[in-house]
Amino acid sequence: MRKIRNLTGPGVTDDFGIGGTDLGVMATAPDGRLVAVFGDTFERAGVGGRGWRSPVVLFGDPNTVRTGIVWTGSTGRGRYAEQALPYRHNSILSGRRVGTVIPTDVITIGGTMYLHVMVCAGIGRVHWTEIHRSTDNGESWTRTGASWPGDHHGGLFQMLTWELGDDGYVYCFSTGFQRDKGLVLQRVPAERITEPGAWQGWGFRRGAWAWGNPPTVALTGAYGELCLRRIEDRWLLCLFDAGNYRIDVLSLAHPTSNLYEVPRTTVLRGTAWPEENHASGHVAQLYGGYIVPGSTLDELHLVISQWNTGRNWPYRAMQFAGALPHGPR
């Protein structure tokens with residue numbers, strides 16, 4: 001993959017009060033705009049200082065994807081991208097001290113958008129997860145009441161990704177926020193996405209895989225951010241393989257495909273800072289990996305995050321693009 005452009009940072013998102021931010025998971029709003037949800041955001045180019053908010057929403061022009069997404073607006077009054085959810089960092093919520101709220105994925109179902117977030121004590125420490133709803137194309141968000149404890153399914157239902165199938169189910173892969181766990185699969189009828197009791201696990205019991213069982217780890221490893229999207233006739237699962245320090249894309253016929261046997265492509269590789277080469281897909285301290293709406297198998301666009309934890313900059317989101325190998329379909 002090759003780098004298309006920086007999506008955030010100085011000279012790009014100054015008008016929105018965004019100097020440093022990460023993540024940037026995307027969906028298409030009912031009105032056709034791109035909706036990108038970012039994580040911990042600050043006014044300066046780095047982590048810390050004034051203007052700490054998370055999550056933050058930017059709106060993009062879908063016609064600019066091929067050459068580099070152009071942002072057209074944000075949540076909040078005026079151009080300044082305000083925090084999309086009403087809480088204060090390092091405050092007490094439901095009896096727990098909450099450091100930040102981090103988005104994991106966003107989905108559009110009919111005229112409604114749903115945002116899943118992790119309510120965290122800090123990085124990797126999840127109190128609970130919950131779903132928020134928007135009925136105005138991502139401009140504002142309200143709690144749905146759907147929530148799960150941080151230790152749900154053994155801590156494997158923290159960082160998730162979801163996608164709607166033709167059969168009316170939303171399919172969801174999830175893992176922990178510690179980047180040391182594998183993946184589990186669940187599904188839920190689209191109209192019941194905010195009902196925790198309606199979620200079904202994909203699990204192995206009595207010699208066979210079936211829905212309705214407690215979810216069994218479908219892929220072992222050490223994973224971070226995930227993104228499941230239907231592209232043409234495939235389900236693409238992009239994931240940050242923290243254990244191997246790279247971004248991989250799995251090409252599935254269906255979410256229940258055997259993840260050990262499906263085509264798997266490494267699209268970006270982690271590297272040390274002196275060896276960085278974005279033109280050849282070598283990125284230092286990379287993570288994320290969110291598929292951009294409008295992607296094809298021949299031109300897959302991803303949002304990749306990067307944080308130099310030693311110098312505290314770069315801390316940004318970037319757009320990369322490239323073709324997936326034409327393997328079996």
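## Strands E14, E15 and E16

Trp202 stands opposite Trp211 in E16. This pair belongs to a predicted model, in which strand E15 (residues 200–205) and strand E16 (residues 208–211) run antiparallel. The two strands are joined by 4 bridges. Between them lies a hairpin with 2 residues separating the strands, and within this hairpin Arg206 adopts a positive phi near 55°.

E15 also pairs with strand E14 (residues 181–189), again in the antiparallel sense, over 2 bridges. Here Arg187 is placed opposite Gln200 of E15.

Four strands form an open sheet in the order E8-E9-E10-E11, and their pairing is antiparallel. Its edges are strand E8 (100–109) and strand E11 (142–149), each of which pairs on one side only. From one strand to the next, the twist averages 20°.

Within this sheet, E8 is joined to strand E9 (residues 112–122) by 9 bridges, and the two strands run antiparallel. Ile107 has Tyr114 in E9 as its bridge partner.

Gln158 is located in the loop between E11 and strand E12 (159–164). Is this residue buried or exposed? Gln158 counts as buried, because its relative accessibility is 5%, below the 20% limit that applies to buried residues. Its side chain reaches the backbone nitrogen of Phe177 at 2.9 Å.

Beyond its neighbours within four places in sequence, Gln158 is in contact with Thr104, His116, Met118, Val126, Thr129, Gly150, Thr175, Gly176, Phe177 and Gln178.

## Leu226 in strand E17

Leu226 lies in strand E17 (residues 219–231). With a relative accessible area of 1%, Leu226 is buried. Leaving aside neighbours within four places along the chain, its contacts are Met159, Leu160, Thr161, Phe173, Ser174, Thr175, Leu183, Cys238, Leu239 and Tyr290.

The C-alpha atom of Leu226 is separated by 17 Å from that of Ser257, a residue 31 positions away along the chain.

## Cysteines

How many disulfides does the model contain? The count comes to 0. The sulfur of Cys172 has its closest cysteine sulfur in Cys227, at 12 Å, which is too far for a bond. For Cys227, the closest cysteine sulfur is that of Cys238, at 6.5 Å, and this distance is likewise too far for a bond.

E1 pairs with strand E24 (residues 315–322) in the antiparallel sense over 4 bridges. In this pairing, Arg2 stands opposite Ala321 in E24.

Terms used:
Residues are numbered from 1 along each chain as its sequence is written. This is a predicted model: local features need pLDDT of at least 70, side-chain atom pairs count only at pLDDT 80 or more; totals for chains, interfaces and linings use all residues. Side-chain values use heavy atoms; hydrogens and water are left out. A disulfide is a pair of cysteine sulfur atoms within 2.5 Å. Two strands pair if DSSP finds at least two bridges between them. Buried means under 20% relative accessible area, exposed over 50%, partly exposed in between (1.4 Å probe, protein chains only). Contact means heavy atoms within 4.5 Å. Axes are lines fitted to C-alpha atoms, for helices over the stretch in contact, and angles run from 0 to 180 degrees between N-to-C directions. A polar contact is a pair of N or O atoms within 3.5 Å; within protein, one must be able to donate a hydrogen and the other to accept it, and residues adjacent in sequence count only if both atoms are side-chain atoms.
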